[in-house]
Amino acid sequence: MDSIKEKCDSYKDDLLLRMGLNDNKAGMEGLDKEKINKIIMEATKGSRFYGNELKKEKQVNQRIENMMQQKAQITSQQLRKAQLQVDRFAMELEQSRNLSNTIVHIDMDAFYAAVEMRDNPELKDKPIAVGSMSMLSTSNYHARRFGVRAAMPGFIAKRLCPQLIIVPPNFDKYRAVSKEVKEILADYDPNFMAMSLDEAYLNITKHLEERQNWPEDKRKYFIKMGNSVENDNPGKEVNKLSDHERSISPLLFEESPSDLLPPGDPFQVNFEEQNSPQILQNSIVFGTSAEEVVKEIRFRIEQKTTLTASAGIAPNTMLAKVCSDKNKPNGQYQILPNRQAVMDFIKDLPIRKVSGIGKVTEKMLKALGIITCTELYQQRALLSLLFSETSWHYFLHISLGLGSTYLTRDGERKSMSVERTFSEINKAEEQYSLCEELCSELARDLQKEGLKVAQVEYRRL
């Protein structure tokens, strides 16, 4: 009887890890994790969602049990042999380390929610989320203070925050705003890689080289002070931003990053040199460094859309992505392009902060005592014996601060998809109707991009 109770308690703890608060997410730091997790458990217990998550958790636990049994059978001789093999590979990776590129990851802040707040100022100071009672796509920073996050069922979110306003998504509107942002990004890297409507990678190495010889006029922007006039060209003057328009910019917390001015000032200017950037009669001259280029990009995005973006600057995509989350919302962070700076950043970085390491992988690695990237490196030989070659290679890249510097171009796109999250549908005709709607939308998207399709795949998750 006691063993059954202990097993149930163990599953409950596991479910908390799976469904509970992920405080690695920007805007969710310092919350009462225990209280939020208790509400989540009470809201889900007995639901189909709870049962589904419990089933998934049992599967993960079985994988961990199998892994631990495999670990127990590894001999010291096998471990020594693996160490030599992995260290040889690590040396090869070190020799191929490329620090010559400047990669930028741009991530719009709470994008869908920010667009809705911009277009409906009444939502500005209220906790909102975009999605449905079945599933949320995103939440604003006010809602995140209650533990409400993306990929959370709306019915759970309403228990965490009863005053939460759930706004139905409007993807046509989000695509239109995304197009405006991408037009700006293309000025810095015509071959930038869009990951979704609200994030993209740029390689600004070539732009930085060209920029060194640019005169000030080419780096000067007049501060947009009115919605009716665009300010997307250097040297083009516009009217002053009204108090109302400034107030609807979704900068949600007093503890916003340090490169924002106090309320009332449209944008903070950090001086790269004593006189640059300068504010000259409502204009800003940006400098020539990578940090200044990214400030300029974020400035132009905010001026054009009144929405804010965060950014990461690093020698590769993996690090740039992690950096963009460092000073959210409306901030940026740079890792200098030298090995020491990279390793100092990676040293204490929790593995969960790295894109590609989700809840399941995190739990499996945690069972091996691995929480940080340093521990990931220390256990490299063991990982090579327990995980697939693809996985342990990826872990080794992470632990050395290595990532891609090659951005896949739009012309090399391999797939396009549409998706919907919806409540249970039992009638066959409703299911067919939904599939028809999704196929029509996908066909329109393919037509817009001038693409043809060789194979169609349907997935039900």
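Before starting, a reminder to myself: axes are lines fitted to C-alpha atoms, for helices over the stretch in contact, and angles run from 0 to 180 degrees between N-to-C directions. I also keep in mind that this is a predicted model.

**Entry: two helices**

I looked up how helix 5 (residues 111-119) sits against helix 8 (residues 171-185), and found their axes 10 Å apart at an angle of about 95°. Because 65 to 115 degrees counts as roughly perpendicular, I can call helix 5 roughly perpendicular to helix 8. Next I listed who meets whom: Phe-111, Tyr-112, Val-115, Glu-116, Arg-118 and Asp-119 come from helix 5, and they meet Phe-171, Lys-173, Tyr-174, Val-177 and Ser-178 of helix 8. I noted the make-up of this contact as six nonpolar, four charged and one polar.

I then traced an open sheet of five strands, with mixed pairing and the order 5-6-1-9-10. Strand 5 (193-194) and strand 10 (332-334) are at the edges with a single partner strand each, so one side of each has no neighbour in the sheet. Further in, I followed strand 1 (residues 103-108) and strand 9 (residues 309-314), which pair in the antiparallel sense over six bridges. Val-104 stands opposite Ile-313 of strand 9 there.

I also checked what packs on these strands. Helix 11 (residues 290-305) lies across strands 1, 6, 9 and 10, running at about 160° to strand 9. Helix 12 (residues 317-324) touches strands 1, 6, 9 and 10 too, and its direction makes about 145° with that of strand 9.

**Entry: cysteines**

I searched for disulfides and found zero. Cys-161 counts as buried because its relative accessibility is 0%, and I noted Cys-323 as buried at 0%.

Technical notes: Residues numbered from 1 in each chain as written. Predicted model: local features only at pLDDT ≥ 70, side-chain atom pairs only at ≥ 80, totals over all residues. Heavy atoms only, no water. Helix = DSSP H or I, 4+ residues; strand = E, 2+ residues; numbered from the N terminus. Parallel < 35°, antiparallel > 145°, perpendicular 65-115°, else oblique. Contact = heavy atoms within 4.5 Å. Nonpolar A, V, L, I, M, F, W, Y, C, P; charged D, E, K, R; others polar. Disulfide = S-S within 2.5 Å. Buried < 20%, exposed > 50% of the residue type's maximum accessible area, 1.4 Å probe, protein only. Pairing = 2+ DSSP bridges.
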